[in-house]
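Student: Before we start, I would like to learn how to read a two-chain model feature by feature. Could you show it to me?

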Amino acid sequence: MNAPPKKPSREFLKPPVTEVGVLGWLHSNLFNTWYNSLLTVVVLLMLWQLVPPLFGWAFVDSVWNSPAEACRDIEGACWSVIPQNISFIVFGFFPDGHQWRPGIAMLLLLGLVIFSKDSRHWKKSLAVYWLVGLVTMGILMYGGLFGLLVVDTDQWSGLPLTFMLALFGMVAGYPLGVLLALGRRSRMPAIKTLCVVYIEMIRGVPLISLLFMSSVMFPLFLPEGVTFDKVLRAQVAIILFTAAYIAEVVRGGLQAMPRGQFEAAESLGLNYNQTMRLIILPQALKIVIPPSLGILLSTFKDTSLVVIIALYDVLKTTKVTLSNPKWTGFSTEAYIFLAVFYFICCYAMSNYSRKLEKALHTGR
Amino acid sequence: MKLNRVTALVAILSLLAAGIAFAGKDLDAVKKKGFIQAGVNGGVFGFGMPDEKGVWKGLDVDTARAVAAAVFGDASKIKYVPLTAQQRFTALQSGEIDLLTRNATRTLSRDTQLGLNFVTVNYYDGQGFLVPKKLGITSAKELGGATVCVLPGTTTEQNAADFFRTNKMDWKPVVIESTSELAKTFFAGRCDVLTSDASQLAGTRAIAPNPKDYVILPEIISKEPLAPAVRHGDDQWRDIVDFSVLAMINAEELGITSENVDEMLKSSDPTVQRFLGVIEGNGSALGLDEKWAYNIIKQVGNYGEVFERNVGVNTTLGLERGLNALWTNGGLMYSPPFK
């Protein structure tokens, strides 16, 4: 029954309470100098002023699902503007009673995206899944088969439109951008000039002007009655725009490749295609994941610019809801909702890219 | 040299485009398609806007529906194309739409230079001022030195500038991009006055925290006759659109509503009989079914009904008829005889 001899001595070694634990952390991080202490106090005061009223506005005095009239009498947030108009905000003009179709199409899309995230699924069969998925989505959205009502693209709006423009803008723009980057570094003068002109021209104008040209000028050059689908025109403009920016990012990656890599490939007897496909591009594209993601994120957010050509993406459907006098005063709530939506999507994307970077890291 | 060639090419191309754009029968094209493509606003409550279910509602929308009822006997045969202010005339010129009912003000330059024709006005609007009652102002002439909330880039801003200059008054514009934020700013007291089309002012006042605290000044500083428009080149189509609007006005004058139109078919009044196609002639003159006016009134209603349903005193906008009353009630709505 001998007491362990070292225990009392440990107590002597214990540092003062102000140096460890919560207090210690506070002392060394928030109150370590007089100006830090001052800053801490000021910030705390500001938070004290800001947070309780904000919390009260958003959660205590707020209503979550009430008619518009009830919102006029309260002090807090009127979140009701979202649930009361949710079907228009999410699905826009898609005919009432058929809105399960874009709903399922979006779930399908989400499922495919999540499935493709896993690098174990990167096989040829993935392409088949995507093809089947896209055809199913097309049928669900457009209809016409299996007794589904035909819904023209001008009735596609809200969330499905946002997702569609963004996804196809990225998925089609990325490979096109890679091709352009290769073209710009090509030794063939014609191809090189063409790519340089294209990239510089597109990068020289804002996306808004491209959208305007596609929707306002382009139809004037067509014979009367010949009209291209409005959604398609916007989609093409977004793809072309994304491709030009991706091209420059990828070119950066290509230029970062040391000469030795090219020479090694050549000495192995690989031709141009093989060199690019097996040696250069895999490395170059890996380097440029972070800047590519930046461009893809802005593509996603830029889709909201289609507002100016009267396509009803999720931002526009929300704005239309707000121009109904019943709901006009509640723009703050609606925009907060949209901000949260965009944040979730963008955060998921950047999170994934960080994981991808780690997964593909080969320790160079 | 090179530049000249480019200019010549552009000139030829635009001539070609113009030649193509103004040929062909719009009515035939519409009948072949089986529906009308109507350009509408998409964001102005009471005139053209989808409701919570995505169904199009509004005075302009009902005007388009009237044309569809006249042509097809079915007011639902329409494809709505929401357009921005910049797109609207191009869309009409390029044939993307057959009919523009998007609260467009008829002006000389638009009517002549843009290759389009405006028809009968379906709403007489004008720009006015909304002020808080506590300022004690009764006339726009007293607004010297005021801060004025105004939407940017529209004729509204220009009109306000003209008004203040003509009356030798200072003003400070507060320019805000969207209507709903504009209203919020005004109610928060960041400006003394809000200026906009009178039809919008009433709606803005209706959503004020306390509508009784605000008053619309009597001065209307601009003329905004809002009218539907069609492309140059098919006068028959233009007549049809024109008389579809007029039919709604005429019906109100004759006391025919969507409720009593079936009884009115039995009326012994020859004016009513001619109007509703009991005595034939009007329909074939326009190249339409003899029941065309009946269909408009039955499915859409007369002008008074359309007005009250969309913007009238019992709606959120709560507008008085004013200039848009029948001529017999001191307004400007007047229809030529239907014979």
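Student: In which helix is the place of Gln84(A)?

Tutor: Helices here are DSSP runs of H or I with at least four residues, strands are runs of E with at least two, and both are numbered from the N terminus. Gln84(A) sits in helix α5 (residues 81-84) of chain A. This is a predicted model, in which local features need pLDDT of at least 70, side-chain atom pairs count only at pLDDT 80 or more, and totals for chains, interfaces and linings use all residues. Residues are numbered from 1 along each chain as its sequence is written, while chains are lettered from A and ligands numbered from 1 in the order in which they are written.

Student: Does Gln84(A) count as buried or exposed?

Tutor: A residue is buried if 20 or more other C-beta atoms, placed from the backbone, lie within 10 Å of its own, exposed if 12 or fewer, and partly exposed in between. Gln84(A) counts as buried because it has 20 C-beta neighbours inside 10 Å. Its C-alpha atom is separated by 6.8 Å from that of Asn65(A), 19 residues apart along the chain.

Student: How many residues of helix α16 of chain A are buried?

Tutor: In α16 (residues 314-323) of chain A, nine of the 10 residues are buried, so the helix is mostly covered. Among them are Val314(A), Leu315(A) and Lys316(A).

Student: What do the buried residues of α16(A) pack against?

Tutor: Contact means that the C-beta atoms of two residues, placed from the backbone, lie within 7 Å. Within chain A, the partners are α5, α6 (86-91), α9 (159-184) and α17 (331-359).

Student: How many residues of each chain are in contact across the interface?

Tutor: Chain B brings 36 residues into contact with 29 residues of chain A. On the chain B side, α1 (2-21), β2 (49-50), β4 (78-82), α4 (87-93), α7 (179-187) and α8 (198-206) each supply at least two residues. The most come from α7(B), with five. By class, this side of chain B has 15 nonpolar, 15 polar and six charged residues. Ala, Val, Leu, Ile, Met, Phe, Trp, Tyr, Cys and Pro count as nonpolar, Asp, Glu, Lys and Arg as charged, and the others, Gly among them, as polar.

Student: Which domains does the assignment give for chain B?

Tutor: Domain bounds come from an automatic or database domain assignment. For chain B it gives domain 1 (2-124 + 226-329) and domain 2 (127-222). Their C-alpha centres lie 31 Å apart. Seven residues from domain 1 of chain B and four from domain 2 of chain B make the contact. The domain 1 side divides into four nonpolar, three polar and no charged residues.

Student: Which residues touch the most other members of the largest nonpolar core?

Tutor: In soluble globular proteins, nonpolar side chains tend to be buried together. A nonpolar core is a set of buried Ala, Val, Leu, Ile, Met, Phe, Trp, Tyr and Cys residues joined through C-beta atoms within 7 Å. The largest one has 167 residues, of which Val67(B), Val193(B), Ile240(B) and Ile296(B) touch the most other members. Helix α12 (residues 230-256) of chain A gives the most to this core, with 14 residues. Beyond its neighbours within four places in sequence, Val193(B) has contacts that include Phe129(B), Leu130(B) and Cys149(B).
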